[in-house]
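Let's take a walk through this structure together, with an eye on its aromatic rings. Have the sequence at hand as you read.

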Amino acid sequence: MAMKRGVEGRERPRSRSSDDKQAQIWACLRDVMDPELDESVIDLNFVTRADVDAKDRVHVEFRLPTYWCAPNFSFLMADDMRRSISALDWVKGVSVVLGEHMYADKINAGLAQGRSFQETFGAEADGSLDDLRQTFLVKAFQRRQVALLGHLIALGQSPAEIVGLTLTELGCLPLDDAGEKLIQRYLERRAIVGPASGDEPAFVDANGARLKADGLAAYVSNLRRVGINAEFNGALCRGLLAARFDLETPFVPKSRTMPASPGT
């Protein structure tokens, strides 16, 4: 006769495992970009800690390449991390902490209190954080667009064929894996500059106007200059980060937890 299992031995179902939650957190952070470089904060080695405690509160710590990185850029990345993770339906609070930065105390206090960049810095705040975010999203759109345009031109697509594509037709092009990745990244930013339904033109400028075949070469040339500057800045950031911190030791999430910040 089978014995009944006591309460202590009964297995309770769990909606999500700790590993699943951890994976979701890192996936959210991977989608957060350095606003100037359009590269993931994970790929840039900015995040040093990202874990969840027993009460489903998430704790993130990050660092930047220099002690004097612009405070608006720093706050923007921290705010994007908080927004991205907060969108997970099981998260009960998010704490994001910036380390080893000249404005770390002020930024961390503002984040902990749920304040905006303007509220945190007062008269020192230079412009709106939302305006800054939009500016860099447009630049990211341009960098991704020129990479895709260059790929299509290299494949032999004519200017007329390229500018005549709709978004639906762009998604149906028979490209290799590299081309498919470029299309995916481009489409992630296409709606930044205008309507992005299937019958809309695939390639438009920052104002939403369809590109013209006779001006495509000059347009691509101008955007490539922007891309070169960003690539240089990206290499510089990686070098500065490596000079400040140990990047050789693999990151291991810390088991310790931090108290939730007020308001989370």
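Rings of Phe, Tyr and Trp (its six-membered ring) count as a pair if their centres lie within 6.5 Å; planes under 30 degrees apart are stacked, over 60 edge-to-face, and the rest tilted. By this rule, there are six aromatic pairs. In one of them, Tyr 186 and Phe 203 have ring centres 5.4 Å apart and planes at 25°, so this pair is stacked. Tyr 186 belongs to helix H8 (residues 177–190) and Phe 203 to the loop between H8 and helix H9 (216–244), so the pair ties together parts 17 residues apart in sequence. Helices (H or I, at least four residues) and strands (E, at least two) are DSSP runs, numbered from the N terminus. Ring pairs also link Phe 75, Tyr 103, Phe 117 and Phe 121 into a cluster.

A word on the source: this is a predicted model, where local features need pLDDT of at least 70 and side-chain atom pairs count only at pLDDT 80 or more, while totals for chains, interfaces and linings use all residues. Residues are numbered from 1 along each chain as its sequence is written, and side-chain values use heavy atoms, leaving out hydrogens and water.

Buried means under 20% relative accessible area, exposed over 50%, and partly exposed in between (1.4 Å probe, protein chains only). Tyr 67, in the loop between strand E4 (57–62) and helix H2 (71–86), is partly exposed at 43%.
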